[in-house]
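Thanks for coming, everyone. I'd like to walk you through a structure today, one region at a time, so please have it up on your screens.

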Amino acid sequence: MSAIKVTKRASNIEYAIRDVTIHTKDLAANGKKIYNLNIGDPAAFDFKTPPSLKEALCKAIAEEANYYSPSEGLPELRAAVANKEKKINNVDITADDVLVTEGISEGIQMLLGAIVEKGDEILFPGPTYPPYISYTHFFDGTPVAYETIEKEGWQPNIDDLRNKVTPKTRAIVLINPNNPTGAVYNHKTVKEILDIAGEHNLPVISDEIYDQLTYEKPFVSAANVTTDVPVVILNGFSKVYQMTGWRLGYMYFKGKDKHLQALKDGVEKQCRIRICANTPVQIAATAALNGPQDFVKDIVERLKQRRDFSHKRLNEIDGISTTKPEGAFYIFPKIEGIGKRWKCDKDFVISLLKATGVLIVNGSGFDPVYGKDHARIVFLPPINELEKAYDAIEGFMKKS
């Protein structure tokens, strides 16, 4: 029997953050310790899901909330999201503006599925969170990166963004705080991006899942800044509430109804064909939003200590230099010697892994132009673990 033909859209999918893990299997099987600094999963380290949320989930299951819920999400959760956005980000929306998704990744897939047709272009910051590239390709579109400037803390190059808008552009993506660089954009920058979108009658897709995880610079939501430019905000519960494996997110639409209704309808139809998001988890998420939020301050303080340590320690290593992240829990250092000591940044990452057990992600996986010659490192582990990993990286750089 001949091999089953697989579509090009499926066989060409790439996701660097998890693709690199295939290289750990033999190493781990042979007893090598792996320092997993590749996946942004707080719950895998010492940021544990609040007990009240675990209790809420168990209670929901025990009380038989094990049924299909509305495809757009539980009404009480959508109302809680609207309330949270008002309190945290000063955004006025209603529950009807909110759709609940199974993680922010499903939201990205649904949005791009509703916008992108063959040949359409999506503008995203370079470097970027890889699904924006992968799903644009998946729907036969063309991903186009606009530059973010490393020496300016990875802030967007507004002129480059403006120059890359074409008649084929369907949306501008904004990731704030940024994954993988940790950059946080101020009000002026967000408004400049919205103004460009308004000039060209484009929607802005703003990924804001790290909205509460910023350090010195305050977070500004695109939905707070916009006046008449339609925006779609993506957010979720994985990073702040340590509910990564629970897979729950949301999106909301802000703008004049006539601008966004067709897009919202297109996403809602996709929500229906996947039936619904996990019902007990939605109940727990409602409790998360309506309950005490004191724990967030502690998370930010612990992350800030790890950010500061990582920034200082990595810059002490010969051949590595990095800017200081302003939000999220990633740092994106530049690696000297790519193209000479190593063929490419992926070769560097694999060589480092095999020699030391330290697993990070090649920067080109976040954009082949603006991410190359870099690597993304997750600074979620406790400082004593980070220190061991960075010592191993330093030893590797000296020997290679």
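This is a predicted model: local features need pLDDT of at least 70, side-chain atom pairs count only at pLDDT 80 or more; totals for chains, interfaces and linings use all residues.

Now step back into the helix itself. α14 covers residues 345-356, which makes 12 residues. From first C-alpha to last, α14 reaches 16 Å, close to the 16 Å expected at 1.5 Å a residue. Which residues of α14 are buried? They are Asp345, Phe348, Val349, Ile350, Leu352, Leu353 and Thr356. As a reminder, an α-helix has 3.6 residues a turn, so residues three or four places apart point the same way. What do the buried residues of α14 pack against? The partners are α3 (25-29), β1 (35-36), β12 (334-335), β13 (358-359), β14 and α15 (383-399).

Phe348 deserves a moment of its own. The largest nonpolar core has 126 residues, and Phe348 and Ile172 are the ones with the most contacts inside it. If we leave aside neighbours within four places in sequence, Phe348 touches Ile335, Ile338, Trp342, Ile360, Phe396 and Met397, all as contacts.

β14 came up as a packing partner of the helix, so let's follow it into its sheet. Three strands make an open, antiparallel sheet here, in the order β11-β15-β14. β11 (330-331) and β14 (361-362) are the edge strands; each has a single partner, so one side of each has no neighbour in the sheet. β11 pairs with β15 (residues 375-378) through two bridges, in the antiparallel sense, and Ile331 sits opposite Ile377 of β15.

There's another antiparallel pair to look at: β2 (residues 98-101) and β9 (residues 249-254), joined by four bridges. Val100 has Tyr250 in β9 as its bridge partner. In a regular strand the side chains alternate between the two faces of the sheet. In β2, Val98 and Val100 point one way, Leu99 and Thr101 point the other way, and all are buried.

Next, two threonines in loops. Thr128 is in the loop between β3 (121-126) and α7 (131-138). Is Thr128 buried or exposed? Thr128 is buried, because its relative accessible area is 0%. Beyond its neighbours within four places in sequence, Thr128 contacts Ile133, Ile175, Asn179, Pro180 and Phe366.

The other one, Thr226, lies in the loop between α10 (222-225) and β8 (231-236). Thr226 counts as buried too, at 9% relative accessibility. A polar atom of the Thr226 side chain is 2.6 Å from the backbone oxygen of Val229. With neighbours within four places set aside, Thr226 is in contact with Leu194, Val231 and Lys254.

Last stop, the cysteines. How many disulfides are there? The count comes to zero. For Cys58, the closest cysteine sulfur belongs to Cys276 and is 19 Å away, so that pair is too far for a bond. Cys58 is exposed, with a relative accessible area of 51%. Cys271 is in no disulfide either, and its nearest cysteine sulfur, again that of Cys276, is 10 Å away. Cys271, though, is buried, at 1% relative accessibility.

That's my tour, so over to you for questions.

Conventions:
Residues are numbered from 1 along each chain as its sequence is written. Side-chain values use heavy atoms; hydrogens and water are left out. Two strands pair if DSSP finds at least two bridges between them. A nonpolar core is a set of buried Ala, Val, Leu, Ile, Met, Phe, Trp, Tyr and Cys residues joined through side-chain atoms within 4.5 Å. Buried means under 20% relative accessible area, exposed over 50%, partly exposed in between (1.4 Å probe, protein chains only). Contact means heavy atoms within 4.5 Å. The expected span of a helix is 1.5 Å times one less than its number of residues. A polar contact is a pair of N or O atoms within 3.5 Å; within protein, one must be able to donate a hydrogen and the other to accept it, and residues adjacent in sequence count only if both atoms are side-chain atoms. A disulfide is a pair of cysteine sulfur atoms within 2.5 Å.
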